[in-house]
Number of protein chains: 2
Amino acid sequence: MITIYDIAEKAGVSAMTVSRVINNTGRISEETRKRVRKVMEELHYIPNALARSLVSQKTHLISLLITDITNPFYTTLARGAEDAAKKAGYRLLFANSDEDYAKEKDYVDMILSTRVDGVLFAPAGDHSHDNLLQLQKHQIPFVVLDREIPGIDADVVLGDSKEGARNLVEHLIALGHQRIALVNGTQDVSTARLRYLGYNEAHRLNGLALDDSLVIHRGYRDFHDDSALDGLLQLDDPPTAIFAANNMLAVGVIQSLRHRGLQVPGDMSVVCFDDFGPAGAINPFLTVAAQPAYQFGQLGMQLLIERIEGESSDASRRVMLPSELIVRSSTQPPS
Amino acid sequence: MITIYDIAEKAGVSAMTVSRVINNTGRISEETRKRVRKVMEELHYIPNALARSLVSQKTHLISLLITDITNPFYTTLARGAEDAAKKAGYRLLFANSDEDYAKEKDYVDMILSTRVDGVLFAPAGDHSHDNLLQLQKHQIPFVVLDREIPGIDADVVLGDSKEGARNLVEHLIALGHQRIALVNGTQDVSTARLRYLGYNEAHRLNGLALDDSLVIHRGYRDFHDDSALDGLLQLDDPPTAIFAANNMLAVGVIQSLRHRGLQVPGDMSVVCFDDFGPAGAINPFLTVAAQPAYQFGQLGMQLLIERIEGESSDASRRVMLPSELIVRSSTQPPS
DNA sequence: TAATTTTGAGTTATCGGTAACACAAATAAA
DNA sequence: TTTATTTGTGTTACCGATAACTCAAAATTA
């Protein structure tokens with residue numbers, strides 16, 4: 001590998017002079033500059049970012065930690081983050097926790113040793129607390145995405161889960177549904193709790209009774225063909241509609257319904273949080289509360305870069321993005 | 001930030017002794033080892049990977065360059081790559097070229113300066129040649145994914161595009177279709193050329209005439225509601241089926257058909273290459289030639305790591321993975 | 001012409017680790 | 001007891017760049 005010393009030697013100057021040419025600093029005669037440039041090109045020289053970072057204490061790397069790389073919400077978010085990062089001269093070090101706290105911890109250790117300039121952190125859930133604390137302890141700037149973590153004071157970009165959930169459920173109620181099941185995430189995730197509150201509120205505001213037997217919990221990406229659905233279907237007074245708390249749960253629900261020979265929306269209306277990205281446009285079918293995923297990433301990255309570059313005040317900022325109710329063909333009045 | 005010297009001082013030893021404790025090298029008395037360990041924990045010391053890499057000439061970073069992060073084929077591939085990398089102690093530096101040669105070049109420059117140990121490279125197309133050559137020139141090991149680049153001799157993991165295309169088209173022919181349109185990628189991409197050959201071969205083997213007016217070209221992720229489709233629909237003898245050369249093209253085709261009030265498969269049968277990932281399970285609708293995306297990533301990563309660790313011979317290896325024809329409900333006999 | 005300023009470099013030390021070598025004290029072998 | 005070996009640790013140099021400082025030659029000013 002060609003180093004700055006190879007260039008210096010071949011050009012008959014010192015390494016410092018080459019460094020000055022690279023960075024356009026100090027005074028260099030036009031003649032020398034040209035000579036050095038020529039040698040750099042001849043030898044295809046590329047400065048070693050490791051060595052630079054060691055001196056400058058800056059890697060221009062930002063870590064993006066998401067929980068499910070096959071979930072279109074996160075990939076669209078990643079695109080927003082990447083675009084914003086690139087614009088500001090940062091690169092993304094990408095990590096995928098699979099909603100798994102242990103994997104998340106592994107990545108936090110890696111992040112710390114790599115000395116990234118900052119982290120865009122979509123936490124698995126409340127127990128991410130320790131991992132985030134670890135970042136704080138080492139003074140790595142970070143922005144939390146999508147899920148709020150109790151006990152962590154940091155910049156955060158959230159969707160309005162409660163309001164989005166209320167809109168979805170009220171849409172079902174307006175269609176005439178009275179027995180609405182909630183297939184929710186696990187209770188260690190703030191969005192799951194808030195979506196439950198929205199579900200709750202919609203019932204209360206519309207004078208509908210709540211029934212705990214209509215609520216079940218699953219990991220956001222763990223709804224494989226599941227007997228828990230049978231529990232709902234075999235109730236004395238089974239639901240006529242299901243609210244899935246995110247897109248992947250909806251996929252699982254709909255698959256399970258299909259395996260049982262039930263039609264959506266004929267036999268069961270289904271709504272969910274989060275849309276399905278560009279690929280989902282092939283068959284826009286589900287009524288959803290769509291979150292602005294791209295903006296999540298873009299805004300989060302902007303906040304983070306401001307933090308990194310010291311442009312923001314000490315107080316942590318909290319951005320809440322609205323979701324949009326998109327009514328499609330997975331809902332109809334109960335039969 | 002705590003350094004190895006802080007630890008050394010507080011433990012009353014030299015930096016080298018601390019280094020030996022960290023790496024379990026050399027001889028250290030049990031007593032010293034314990035003392036150093038204790039100090040490291042007290043100060044939450046984490047070794048600086050930059051400094052280590054500078055000495056060891058190893059970053060344990062692998063760059064994964066894909067062309068479309070919102071395409072489920074690539075995200076599933078990324079998951080396979082990530083799992084394999086993690087198993088071997090490497091991390092992924094993630095990059096997304098958006099099928100854009102200029103963006104790809106930018107990332108190659110970044111890759112070179114970051115001194116990653118290797119690159120998993122899904123090229124945008126034939127003109128990626130120069131970018132790959134750049135990697136070769138700097139002796140960065142890489143494995144090419146999905147698309148073969150003329151003039152580049154390297155390990156490569158491919159899908160069997162020709163065979164997959166032939167299967168899809170023969171499925172349509174078996175249903176009775178005689179006028180089959182091909183919405184293909186651009187000609188600078190090997191898979192587009194091979195899928196055309198498969199399309200071609202299916203016609204030839206089944207005694208069907210080819211008609212160039214049935215073939216159109218678009219970038220693999222650039223089929224937005226498009227008047228080119230009108231060209232096909234307004235032919236004197238319009239197609240009764242469309243073969244889209246990848247999943248995102250199929251999305252565009254189906255959206256366009258819908259906007260024009262045409263039903264799939266009622267008015268038009270549609271098939272495509274590539275499946276739609278976990279999220280696509282919500283409504284398995286399209287008949288596809290599904291490629292084993294996870295294996296693409298996993299296998300590619302294995303080949304790459306063997307290269308990096310010098311376990312493989314000089315000859316470059318070429319792995320071809322079969323695709324699987326999955327017949328679903330987007331196809332039926334012509335009306 | 002002498003003194004001062006500007007220009008265009010070079011030297012040295014440092015970022016945070018590790019490889020290679022050195023070396024005193026403890027232990028074992030002759 | 002003397003010599004050889006082992007053990008545990010320290011010193012020095014270096015990875016590839018840059019910040020801070022130095023300095024001779026050229027240009028400018030008095």
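Helices (H or I, at least four residues) and strands (E, at least two) are DSSP runs, numbered from the N terminus. Residues are numbered from 1 along each chain as its sequence is written, while chains are lettered from A and ligands numbered from 1 in the order in which they are written. This is a predicted model, in which local features need pLDDT of at least 70 and side-chain atom pairs count only at pLDDT 80 or more, whereas totals for chains, interfaces and linings use all residues.

Start with B:A124. This residue sits in the loop between β3 (118–121) and α7 (129–137) of chain B. B:A124 counts as buried because 27 C-beta neighbours lie inside 10 Å. Leaving out residues up to four places away in sequence, B:A124 touches B:T67, B:S97, B:E99, B:D100, B:Y101 and B:E104. Here two residues are in contact if their C-beta atoms, placed from the backbone, lie within 7 Å.

Now move to B:Y220. Along the chain, B:A124 and B:Y220 are 96 residues apart, but their C-alpha atoms are separated by 9.7 Å. B:Y220 belongs to the loop between β7 (215–217) and α10 (228–233) of chain B. B:Y220 is buried too, with 26 other C-beta atoms within 10 Å. Its contacts, neighbours within four places in sequence aside, are B:E99, B:G185, B:N246, B:M248 and B:L249. From B:Y220 to B:N247 the chain runs 27 residues, and their C-alpha atoms are separated by 8.4 Å.

A:E99 is not a glycine, yet its phi is positive, about 60°. A:E99 lies in the loop between β2 (91–96) and α6 of chain A, and is buried, with 23 other C-beta atoms within 10 Å. A:D146, also not a glycine, has a positive phi of about 75°. Its loop runs between β4 (142–145) and β5 (155–159) of chain A. One joins A:V264 and A:P265, with omega about 5°. A:P265 is in the loop between α11 (247–259) and β9 (269–273) of chain A. In chain B, the peptide bond from B:V264 to B:P265 is cis, with omega near 5°.

How do the two chains relate? Chain B can be laid on chain A with an RMSD of 0.1 Å, by a turn of 180° and a shift of 0.0 Å along the axis. The two copies are thus related as by a two-fold rotation axis. In chain B, the C-alpha of B:L93 is nearest the axis, 2.3 Å from it. Copies are superposed by least squares on the C-alpha atoms of residues with pLDDT of at least 70 in both.

The chains also touch. 46 residues of chain B are in contact with 46 residues of chain A. On the chain B side, α4, α5 (72–87), β2 (91–96), α6 (101–114) and α11 (247–259) each give two or more residues. By class, that side has 25 nonpolar, 16 polar and 5 charged residues. Ala, Val, Leu, Ile, Met, Phe, Trp, Tyr, Cys and Pro count as nonpolar, Asp, Glu, Lys and Arg as charged, and the others, Gly among them, as polar.

Look at α4 (residues 49–56) of chain B, where B:A49, B:L50 and B:S53 are buried. Seen down the axis of α4(B), these buried residues fall within an arc of 100°, so they line one face of the helix. The arc is that of the directions from the helix axis to the C-beta atoms. The buried residues of α4(B) pack against α4 (49–56) and α6 (101–114) of chain A. After α4(B) comes B:Q57, with a positive phi near 60°.

Last, the DNA. 26 residues lie around DNA strand D, and A:T3, A:I4, A:S19, A:A51 and B:S14 come nearest. A residue is near a strand if its C-beta atom, placed from the backbone, lies within 6 Å of it. The largest share of this surface, 5 residues, comes from α2(A). By class, the surface near DNA strand D has 14 nonpolar, 10 polar and 2 charged residues. DNA strand C is surrounded by 27 residues, the closest being A:S14, A:S29, A:T32, B:I4 and B:S19.

Conventions: Buried ≥ 20, exposed ≤ 12 C-beta atoms within 10 Å, placed from the backbone.
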